[in-house]
Structures are given as C-alpha cells and as structure tokens.
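User: Could you take me through the aromatic side chains and the nonpolar cores in this one?

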Amino acid sequence: MKAASPFRCDRCGGGDKEARNCGNYLGLSDEARAVDEYTERVTAEITAKGAKKVASLNGFRLYECPASYMTAETAEMQAVLYATEAFGALPLAGGWAEQPCWFVEAYEIYRAELALAVRDRGNGER
C-alpha cells in the first residue's frame with residue numbers, strides 16, 4: 001500500500017513500520033490517522049484496518065507514527081524551536097520584534113506545552 005505522508009520516518013525499522021503505521025502504511029483516512037473524537041465511521045475504519053494507537057496527548061490520538069505524520073514543514077519548525085531553546089539564540093538577527101510571526105507564535109505554544117509536560121510529570125502523569 002502506498003504511503004500517504006510525504007515525510008518519511010527513518011526511526012521505524014522492519015515490522016515497526018507496519019505496526020506503527022509509519023507513512024500511513026495502512027492507508028487510513030485523515031480522520032482515522034489523528035483522532036480527537038471517535039465516531040462510528042472512524043472506529044469502524046480503525047478496527048477494519050487493524051490500526052493500533054501509536055501516541056496520545058490530551059485526548060488527541062495518533063494511529064500513525066508521529067515522525068511520519070508530521071509534514072516536512074512542521075519538522076523544520078520543530079528543529080528551529082529546539083535549536084532556539086538549546087542555543088539560546090533567535091533564528092534571525094535582532095530581537096523578538098524582528099522574528100517572523102509564525103516563529104513567535106510557535107515558540108509561545110512550545111513553551112506552554114513544555115510547561116504543561118513538566119507540570120504533569122511532577123504530578124506523576126505520563
């Protein structure tokens with residue numbers, strides 16, 4: 001079956017690609033690949049194709065390997081955010097006012113999600 005995602009995961013090997021639905025190997029619809037609410041149709045599709053939940057976060061469930069679910073653009077954005085955090089330097093010269101809006105918004109979201117994850121780990125949640 002042809003993979004639906006243009007972004008290839010190089011983390012899954014052998015049987016993991018099928019088990020984790022890497023590159024949407026199972027050919028799930030968009031609604032069944034990433035589920036925030038189970039409908040009768042989505043549940044039937046997941047069951048019929050034998051898909052397994054690969055990851056979940058706050059009620060959002062992925063039935064595809066997260067690395068292949070992300071677009072190349074999202075992966076690049078993630079790399080810029082991580083580099084900013086690791087090196088303490090902004091991607092463009094100047095201060096925050098000189099950064100593109102997408103970067104400032106993405107960084108705010110990243111920091112908020114990071115704070116929630118740290119808080120949840122402190123509460124024993126995973």
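Predicted model: local features only at pLDDT ≥ 70, side-chain atom pairs only at ≥ 80, totals over all residues.

User: How many aromatic pairs turn up in the whole structure?
Analyst: A search of the whole structure gives seven aromatic pairs, and one of them is W96 with F103, a stacked pair with 5.8 Å centre to centre and 20 degrees between the planes.

User: And W96, is that buried or exposed, or something in between?
Analyst: W96 counts as partly exposed because its relative accessibility is 42%, whereas F103, at 0% relative accessibility, counts as buried.

User: What about Y107 and Y110, how are their rings arranged?
Analyst: Y107 and Y110 form a tilted pair, with 6.1 Å centre to centre and 40 degrees between the planes. Both residues are buried, and both lie in helix α6, which covers residues 101-122, where they are three residues apart, about one turn of the helix.

User: Which aromatic cluster do they belong to?
Analyst: Y107 and Y110 form one aromatic cluster together with Y82, W96, W102 and F103.

User: Switching topic, which residues make up the largest nonpolar core?
Analyst: The largest nonpolar core has eight residues, namely L26, L28, A32, V35, V42, I46, A51 and Y63. Once its neighbours within four places in sequence are left aside, V42 is in contact with E31, A32 and V35.

Key: Residues numbered from 1 in each chain as written. Heavy atoms only, no water. Phe/Tyr/Trp six-rings, centres within 6.5 Å; stacked < 30°, edge-to-face > 60°. Buried < 20%, exposed > 50% of the residue type's maximum accessible area, 1.4 Å probe, protein only. Helix = DSSP H or I, 4+ residues; strand = E, 2+ residues; numbered from the N terminus. Core = buried A, V, L, I, M, F, W, Y, C linked by side-chain atoms within 4.5 Å. Contact = heavy atoms within 4.5 Å.
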